Amino acid sequence: MKFKYTWNIVRRMIAMVLVLGMVPGMAACGAGNNQKQMVEQQDFLLNTVCNLKLQEWEGTYEEGEALAVQAFDLARELENKMSRTVAGSDIDRINQAAGQPVEITDSRVVDVLDKSISYGELSGGKFDITVGKLVGMWNFSSGEAVVPEEEKIRQEVLHVGYENLIIEAGESLLETPGEEHWYVTLDDPQAHLDLGAIAKGYIVDQVSGFLAENGVTRGIVDFGGNISCIGTKADGSPWLIGIKRPVSATGTEVGENQLVGVVQVEPNCSAVTSGTYERKFEQDGVLYHHILDPETGYPCDTDVSGVTIIGSNPTDCDALSTICLLLGKDKGMALIESLGDAEAVFITNDGEIHCSSGVKFEAVQ
Ligand code: ADP
Ligand code: MG
């Protein structure tokens with residue numbers, strides 16, 4: 001594999017490997033019923049380190065390896081449709097269309113857009129995928145980010161509004177006449193979409209579904225902290241996922257690779273973490289993180305430094321983790337408690353841990 005690792009990326013890789021390695025039983029190599037060695041593959045996709053671990057599957061070791069390769073191919077295919085920064089992706093075509101309808105032929109892209117609109121509504125507009133231009137201006141992933149000009153931020157905020165995203169079903173004029181396709185219009189020529197808060201979860205869902213459909217009965221999909229657990233651990237007990245201790249609010253990186261605890265994830269369920277410590281930079285003594293308040297265009301002011309959502313669907317967990325960070329601990333917790341199918345572990349800026357009522361969390365002393 002040939003990647004251009006920046007120092008930030010290397011540090012994220014080390015942190016993630018440590019997290020997974022430290023969870024008891026989680027990396028235990030081996031051997032399901034058929035005594036095969038575990039397949040472990042890593043790739044750099046979606047601007048993050050992605051890991052696949054297959055512990056039990058139908059077929060030979062080589063077939064397991066081939067499945068993992070196909071799973072990464074599927075993830076790359078979806079990234080190439082959903083990434084704002086891939087020229088010619090469906091999202092790029094919508095962004096470049098300057099308010100004109102764009103034909104979308106892949107229902108998976110439409111699914112993500114549909115869900116994003118629902119989460120815009122559920123969050124009272126805090127979750128808004130039309131922050132694309134702002135995300136581009138802040139450019140957190142570049143490793144060279146600086147605070148954009150105030151006036152430019154003010155201008156771009158005027159064009160944020162998921163209400164401008166219109167999805168219509170229709171007959172294809174272009175590709176295969178007669179089949180149903182969709183027309184997506186971003187009804188503000190200045191606005192751009194960015195799926196950074198939800199696409200990873202969706203892609204993890206697709207990848208774990210692909211693996212399960214192809215005979216994998218035990219394994220972990222972990223794309224940059226978006227984790228889906230297939231089956232159980234080898235002893236039949238649920239997977240335990242480590243939660244990293246967030247960097248302190250002052251930015252001191254003490255204990256970066258330590259765990260605050262482990263959370264239990266039921267078979268075929270997910271755990272997704274968002275943190276203000278993940279993509280960030282410091283300028284003039286101020287820490288800027290990558291989750292933006294759509295009203296101000298600046299990193300959201302939040303008392304949460306990290307939040308892990310546990311639930312049955314990684315797409316929902318991904319969107320909810322970002323939303324809980326945007327809402328803060330009290331409103332985020334109230335939202336989680338109001339939903340049937342999600343649990344949360346919040347870590348606030350003061351280092352305190354707050355668990356929702358149904359979470360199975362064990363603190364590490
Ligand atoms: P990560 O990408 O580190 O896993 P999140 O899932 O929380 O973290 O997503 C953060 C990303 O979502 C940002 O990097 C950006 O691309 C996008 N984003 C930032 N602010 C918002 C927002 N208010 N609503 C929706 N997406 C956002
Ligand atoms: Mg998210």
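In which sense, left-handed or right-handed, does α4 pass α8? In this predicted model, the crossing of α4 past α8 is right-handed. Helix α4, which spans residues 107-122, packs with α8 at an angle of about 35 degrees, and the two axes are 11 Å apart. On the α4 side the contact is formed by K115, Y119 and L122, and on the α8 side by T315, D316, A319, L320 and I323. Sorted by class, the residues of this contact comprise five that are nonpolar, one that is polar and two that are charged.

A further partner of α8 (residues 314-327) is helix α7 (residues 199-213), and the axes of this pair come within 7 Å and cross at roughly 165 degrees. Because angles over 145 degrees count as roughly antiparallel, α7 is described as roughly antiparallel to α8. The crossing in which α7 passes α8 is right-handed. Helix α7 contributes A199, K200, G201, Y202, V204 and D205 to the contact, whereas α8 contributes P314, T315 and D318. The residues that make up this contact of α7 with α8 divide into four nonpolar, two polar and three charged.

Helix α8 also packs with helix α9 (residues 329-338), in this case at an angle of about 140 degrees and with the axes 6 Å apart. This angle makes α8 oblique to α9. From α8, the residues in contact are L320, I323, C324 and L327, and they meet K329, K331, G332, L335 and I336 of α9. The contact of α8 with α9 has six nonpolar residues, together with one polar and two charged residues.

The surroundings of ligand 1 were examined next. Of the 18 residues around ligand 1, those that come nearest are D128, D194, S274, L292 and T322. For T322, a polar side-chain atom lies 2.8 Å from an oxygen atom of ligand 1. In the side chain of H290, an N or O atom is placed 3.0 Å from an oxygen atom of the ligand, while for A197 a backbone N or O atom lies 3.2 Å from an oxygen atom of ligand 1.

Conventions
Residues numbered from 1 in each chain as written. Chains lettered and ligands numbered in written order. Predicted model: local features only at pLDDT ≥ 70, side-chain atom pairs only at ≥ 80, totals over all residues. Heavy atoms only, no water. Axes fitted to C-alpha atoms, helices over the stretch in contact; angles between N-to-C directions. Helix = DSSP H or I, 4+ residues; strand = E, 2+ residues; numbered from the N terminus. Parallel < 35°, antiparallel > 145°, perpendicular 65-115°, else oblique. Left-handed = near helix turned anticlockwise from the far one by under 90°. Contact = heavy atoms within 4.5 Å. Nonpolar A, V, L, I, M, F, W, Y, C, P; charged D, E, K, R; others polar. Near = heavy atom within 4 Å. Polar contact = N/O pair within 3.5 Å; in protein donor to acceptor, adjacent residues only side chain to side chain.
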